[in-house]
Amino acid sequence: MMKWTAMYVQDSHNHSSLLLTNFMDWVMIMMLSILILVLWTYTGTLFTSSNSLMLDHKWLEFLWTISPLGVLLSMASMSMKALYTEEGLPTPPTLSLKITGHQWYWTYNYPDFNLEFDSYMKEWESQDFRLLDCDNRVILPAQVPIRMSVTSADVIHSWTIPSLGIKMDAMPGRINSTTTESTLPGIMYGQCSELCGVNHSFMPITIEFTTISAFKSWVNMMLLL
């Protein structure tokens, strides 16, 4: 989950998000390595006499020509692997969640339980994350494949949960869907990531993954309301 003063990305709660984080780390390492190598090489030439063996070395020229190709191929391999995991899980989902974006709140529907509720930004309290907590959290079971379908009732929104590696556009008249699964219980936060009006910044998303027994108890409680 998110933590105060965190300087890095949110913790990954599924395989897809972990691949995206690893890909970002790999790209940053490659960029820093190339930058350090170039600075070291050209700084050395400023304080030393020209070395003809280095300037006219055929194998050295071949090496620094072919090396970027290897870096690009490794980046392409990791990015394609992460991209295909975004298509969803290989196992069929056992639970469905329909998400509808409004100006400026979310509506969540559990078709399997005939349960629906609206989720607005919660009035800030000292123990809450400002602009991120909701009055009605989405409760889901951990380690269960879930199909999430996103649409909109008015303008284009974007339902985004970084810890799950999910960013789906909510478009009027269209349904975008994906399948995901949280490997660990915990609380995750997200926000609308598409400019949708004056209160765009006040459309938070809060998901709490719990055990299956706790999820069933929550569903029974919500059905009694």
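**A salt-bridge network and its setting**

A: Asp-133, Arg-137 and Glu-208 are linked in a network of salt bridges, a salt bridge being a side-chain nitrogen of Lys or Arg within 4 Å of a carboxyl oxygen of Asp or Glu. The model is predicted: local features need pLDDT of at least 70 and side-chain atom pairs pLDDT 80 or more, whereas totals for chains, interfaces and linings use all residues. Residues are numbered from 1 along each chain as its sequence is written, and side-chain values use heavy atoms, without hydrogens and water.

Arg-137 takes part in both pairs described here. With Asp-133, the closest N and O atoms are 3.4 Å apart; with Glu-208, the corresponding separation is 3.3 Å. The latter pair links distant parts of the chain, 71 residues apart: Glu-208 belongs to strand β10, and Arg-137 to the loop between β3 (115-119) and β4 (138-141). Helices (H or I, at least four residues) and strands (E, at least two) are DSSP runs, numbered from the N terminus.

The three residues can also be described by their accessibility. Asp-133 counts as buried because its relative accessible area is 4%, under the limit of 20%; exposed means over 50%, and partly exposed lies in between (1.4 Å probe, protein chains only). Arg-137, at 27%, is partly exposed, and Glu-208, at 24%, is likewise partly exposed.

Strand β10, in which Glu-208 lies, spans residues 204-210. Beyond its neighbours within four places in sequence, Glu-208 is in contact (heavy atoms within 4.5 Å) with Arg-137, Val-138, Ile-139, Leu-140, Gly-186 and Ile-187. For Ile-139, the C-alpha to C-alpha distance to Glu-208 is 5.0 Å, although 69 residues separate the two in sequence. The side chains of Glu-208 and Arg-137 also make a polar contact of 3.3 Å. Such a contact is a pair of N or O atoms within 3.5 Å; within protein, one must be able to donate a hydrogen and the other to accept it, and residues adjacent in sequence count only if both atoms are side-chain atoms.

The chain has 3 salt bridges by this rule. One of them joins the side chains of Asp-169 and Lys-167 (3.9 Å, N to O), and Asp-169 is partly exposed at 29% relative accessibility.

The wider chain supplies the setting. Its secondary structure comes to 4 helices and 10 strands, which follow the pattern α-α-α-β-β-β-β-β-β-β-β-β-β-α along the sequence. Of the 225 residues, 35% count as buried. Among contacts between residues at least 6 apart in sequence, 64% join residues at least 24 apart.

Aromatic side chains form another group. Ring pairs link Tyr-108, Tyr-110, Phe-113, Phe-117, Phe-215 and Trp-218 into a cluster. Rings of Phe, Tyr and Trp (its six-membered ring) pair if their centres lie within 6.5 Å; planes under 30 degrees apart count as stacked, over 60 as edge-to-face and the rest as tilted. The count by this rule is 8 aromatic pairs. Among them, Tyr-108 and Phe-117 form a tilted pair, 5.9 Å centre to centre with 40° between the planes. Tyr-108 is buried at 0% relative accessibility, and Phe-117 is buried at 8%.
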